[in-house]
Amino acid sequence: MRVTEGRVEFDAPDARDGASEGRGDGVFYNPTQELNRDVTVAVLRAYADREPRAETYLDAMTATGVRALRAAAGGWDATAADTDADAVSLARENAAHNDMDVTVVDRDANALMHESTTVFDVVDIDPFGTPVPFADAAFANARDLVCVTATDTAPLCGAHFESGVRSYAAVPRNTDYHPEMGLRILLSAMVRTAARYDTAARPICSHVSRHYARTYLELDGRATRADDCIDELGYVHHCEDCLARESGVGLIADPPADCPACGSDRLVTAGPLWLGSIRDREFVAAVRRELTGDMGEATRADRMLRTLEAELDEPTHYDQHRLCKEWTRSAPAMDDFLDDLRAAGFEASRAHYGGTTFKTDAGVTEIRDATAD
Ligand SMILES: [Zn+2]
């Protein structure tokens, strides 16, 4: 099938019967990730202003070549890599069709990143499943920015516990804030991987949807900055009875014996998690300004980025419906609910993780009391 995204027109494998994704002979195209790719294009535009010396972009698992083509259309010196011969020839055809100068190589991404004579300023890792097998090569070799997609949401959020522990060398927990748990497990693993190369990796934009987590990590080659990132790792202690949660930084967990809110001993601890901000507020605002009308998902991306920009930096979000169910109340309109929290003196914002998710500096008991009829 022929697909247009942004100003790029390309061939992609036809979806099989009933499938929304196209998978030809090993070549994968996922139309549900168009929003992800639209945001990538806007990030690359905003990043070119933030770091003017950045020029080279590696799409490490290119498949159809679409991400590299869209980067090249924005002026980046783009390289597209894949280990699948069909993907490589399709990406080359798509580059030729768009009359674009994209270097398409039949190389394993890890080998390419370690051995390339080109220094990649921006490396984009978009594998099927966990990005962990490619993280070392990316953080050891990229200069400015590493973009990461993870589609293994069940291991990340603790639903597939052992798999999550194995992949991310951290303890995920299945909570009512599972998208954020997944993102913070991913960020923790990426920050610790970069630190092994004396490199700081700090997220400047991150978002999560049902099928993936996506983050953009800006690099700094000063070891002291890597230490600063390590200092923002820590643990969340979660009460399975009343949904209260506490967090604390540090690499040694220090969980309370009982829930401070309800006294229950059904506490679980997750971590080490990234507890710092998941984005640079000003950068997200700049990214949003770079969305353009030729993007198929510009409207949804704008809405998501607005929410992300205004989101509080608390390490976990709440789900209003889950809380109201816990308290056997009906859920009021979200804006009224947040206004009640603010009227009681707390900070409150929506969160981009879903329409019923929010953030506040209030504890679970304070939320209950502040929003009671
Ligand atoms: Zn409790």
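Modeller: Let's begin with exposure: buried means under 20% relative accessible area, exposed means over 50%, and partly exposed is in between (1.4 Å probe, protein chains only). The model is predicted, so local features need pLDDT of at least 70 and side-chain atom pairs count only at pLDDT 80 or more, while totals for chains, interfaces and linings use all residues. Residues are numbered from 1 along each chain as its sequence is written, and side-chain values use heavy atoms, with hydrogens and water left out.

Biologist: Glu180 and Lys359: are they buried or exposed?

Modeller: Both Glu180 and Lys359 are buried. They also form a salt bridge, with the closest N and O atoms 2.5 Å apart; the term means a side-chain nitrogen of Lys or Arg within 4 Å of a carboxyl oxygen of Asp or Glu. Glu180 sits in helix 8 and Lys359 in strand 17 (residues 357–360), so this pair ties together parts 179 residues apart in sequence. For those element names, helices (H or I, at least four residues) and strands (E, at least two) are DSSP runs, numbered from the N terminus.

Biologist: How many salt bridges are there by that rule?

Modeller: The count comes to 32. One of them links Arg37 and Glu5, whose closest N and O atoms are 2.8 Å apart. Arg37 is in helix 1 and Glu5 in strand 1 (residues 2–5), so the pair ties together parts that are 32 residues apart in sequence. Arg37 and Glu5 are both buried.

Biologist: How exposed are Asp136 and Arg196?

Modeller: Asp136 counts as partly exposed because its relative accessibility is 26%, and Arg196, at 54%, counts as exposed. Asp136 and Arg196 form a salt bridge too, with the closest N and O atoms 2.7 Å apart. Asp136 lies in helix 5 (residues 132–141) and Arg196 in the loop between helix 8 (178–195) and strand 10 (200–208), so parts 60 residues apart in sequence are tied together.

Biologist: Now the metal. Which residues coordinate the zinc ion?

Modeller: Look for donors, which are N, O and S atoms within 2.8 Å of the metal (3.2 Å for Na, K and Ca); water is not among the atoms, so sites may look incomplete. Here the SG atoms of Cys239, Cys242, Cys259 and Cys262 coordinate the zinc ion at 2.3 Å. Along the chain, the donors follow the spacing C-x2-C-x16-C-x2-C. Cys239 belongs to strand 12 (residues 233–239) and Cys259 to the loop between strand 13 (245–249) and strand 14 (267–274), so they tie together parts 20 residues apart in sequence. Cys239 and Cys259 are both buried.

Biologist: Why is the arrangement around the zinc ion tetrahedral?

Modeller: The 4 donor atoms subtend angles of 106 to 114°, which makes it tetrahedral; four donors get that label if all angles lie between 85 and 135 degrees. The ideal for four tetrahedral donors is 109.5 degrees.

Biologist: And empty space?

Modeller: Rolling a probe the size of a water molecule over the atoms shows where empty space is left. On a 1 Å grid over the protein atoms alone, a cavity is a set of points where a 1.4 Å probe fits but cannot get out; a pocket is an open set with protein on both sides within 12 Å along at least five of seven lines, and lining residues have an atom within 4 Å of a point. Points are joined across faces, edges and corners, and a volume is the space filled by probe spheres set on them.

Biologist: How many cavities of 30 Å³ or more does that give?

Modeller: The count is 3, and the largest cavity has a volume of about 80 Å³. Its lining includes Gly6, Arg45, Arg70 and Asp294. Helix 1 (34–50) and helix 2 (66–73) each supply at least two lining residues.

Biologist: How much space lies in the largest pocket?

Modeller: About 660 Å³. It is lined by 30 residues, of which Phe28, Met61, Asp126, Pro127 and Phe128 are closest to its centre. Strand 4 (28–29), helix 2 and strand 6 (77–82) each give at least two residues to that lining.

Biologist: What is the volume of the second largest pocket?

Modeller: About 540 Å³. Of its 21 lining residues, Val208, Arg300, Met304, His352 and Gly354 are closest to the centre. Strand 10 and helix 11 (298–310) are the elements giving two or more residues, and helix 11 gives the most, with 4.

Technical notes
Four donors count as tetrahedral if all angles lie between 85 and 135 degrees; four count as square planar and six as octahedral if opposite donors are over 155 degrees apart and all others between 65 and 115; anything else is irregular.
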